[in-house]
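Please look through the sequence and the model shown here before reading the notes that follow, which are grouped by topic.

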Amino acid sequence: MSVFRRALDERRRAPEGRRWLFVPVDQLTDAVGPLSREDPEELGIVLVESRFQLGLRPYHRQRLLWLIASLRYFALEQAARGVAVEYLDADIPHAASLEPFARERGPLRVMRPAERELRADLAPLVRLGAVDVIPNETWMTTAEQFEAAFAGGKSWRMDSFYRHVRRETGVLMQDGKPVGGRFSFDSENRKPWKGDPPAPVPPVFACDPITEEVAKQVEADYARHPGELDPTAVAASRRDVDALWSWAQQHCLPWFGPYQDAISTRSRSLFHTLVS
């Protein structure tokens, strides 16, 4: 049995009587959505590690390591909260993995997936009533707001949408005016970097047995994918992500604005946070 499976089994919760939620890999959070407000002891989540999906395109192996490790850490973290976790490991698309589960346990909820490809994959299950799509609470805006921003023949520019949302929501606004006096400071954010202030050194993370196991799996299963693996650069657990965010706030954000468009052969990331 793998290190991850053994750890998950040790945290296993009874699945009976739970409301089930499918959580895509870009929704791994309990800060918003049903996981943020419903009793963990009454909830179950389904996570899918689909080798079919991960192998569709020549993704960088470091990205695959981060995605898989993030899924596994999230499974363990939620199980520790009292959530029942079903972790499906398969060579088939998401919908094919979820269909028998939904047939056995009842309809699954899912916050609307951001990826069109996943929405298309799940569409047959949605039509059958096996999956119920609910609003995606990780999004700040809606499609309706996007359309309203360009009503009346306005130019399709990101800046127009950005200004519309700030005026409508009041985010970074004060007394109807943008904080700081302007909507954009882009003209001040194009400085070349000449070495001062020094570029921060990205943090490294302990390669624990979970990450090490995923790294070996990626090397074996995705050998034809490009890139080199560095498990110590991957922040996948909640603990490591919190540490990365603290580092980013302290060492990157104070200087990010002026140098956000700069590039240099002396630093791969300069003042970019690496968080996303």
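Predicted model: local features only at pLDDT ≥ 70, side-chain atom pairs only at ≥ 80, totals over all residues.

Residues are numbered from 1 along each chain as its sequence is written, and side-chain values use heavy atoms, with hydrogens and water left out.

- Phe-205 lies in the loop between β7 and α9, where helices (H or I, at least four residues) and strands (E, at least two) are DSSP runs numbered from the N terminus.
- With a relative accessible area of 8%, Phe-205 is buried; buried means under 20% relative accessible area, exposed over 50%, and partly exposed in between, with a 1.4 Å probe and protein chains only.
- Phe-205 and Thr-232 are 27 residues apart along the chain, yet their C-alpha atoms are separated by 4.7 Å.

**The chain as a whole**

- The chain has 10 helices and seven strands, and its C-alpha trace spans about 55 × 45 × 35 Å along the principal axes.
- Of the 276 residues in the chain, 41% are buried.
- Among the contacts in the chain with a separation of 6 or more, 73% are made by residues 24 or more positions apart.
- The chain exposes about 15900 Å², of which carbon and sulfur atoms supply 53%; these accessible areas come from the Shrake-Rupley method with a 1.4 Å probe, and for residues only the protein chains shown count as cover.

- Helix α4 (residues 61-81) has 21 residues and reaches 30 Å from its first C-alpha to its last, close to the 30 Å expected at 1.5 Å a residue, the expected span being 1.5 Å times one less than the number of residues.
- Because 16 of its 21 residues are buried, α4 is largely enclosed by the rest of the structure.
- Gly-82, which follows α4, has a positive phi, near 110°.
- In helix α1 (residues 3-10), the residues Phe-4, Ala-7 and Leu-8 are buried. The buried residues of α1 fall within an arc of 100° when seen down its axis, so they line one face of the helix; the arc is that of the directions from the helix axis to the C-beta atoms.
- The cover over the buried residues of α1 includes α4, β3 (84-90) and α9 (209-221).

- Thr-211, in helix α9, counts as buried at 3% relative accessibility.
- Apart from residues up to four places away in sequence, Thr-211 touches Leu-65, Tyr-73 and Pro-231.
- Asn-189 is found in the loop between β7 (177-178) and α9, and is buried with a relative accessible area of 15%.
- The side chain of Asn-189 reaches the backbone oxygen of Phe-185 at 3.5 Å.
- Leaving aside neighbours within four places in sequence, Asn-189 is in contact with Gly-257, Pro-258, Gln-260 and Asp-261.

**Cysteines**

- Taking a disulfide as a pair of cysteine sulfur atoms within 2.5 Å, the count comes to zero disulfides.
- Cys-207 is partly exposed, with a relative accessible area of 33%, whereas Cys-252 counts as buried at 0% relative accessibility.

Notes. Contact = heavy atoms within 4.5 Å. Polar contact = N/O pair within 3.5 Å; in protein donor to acceptor, adjacent residues only side chain to side chain.
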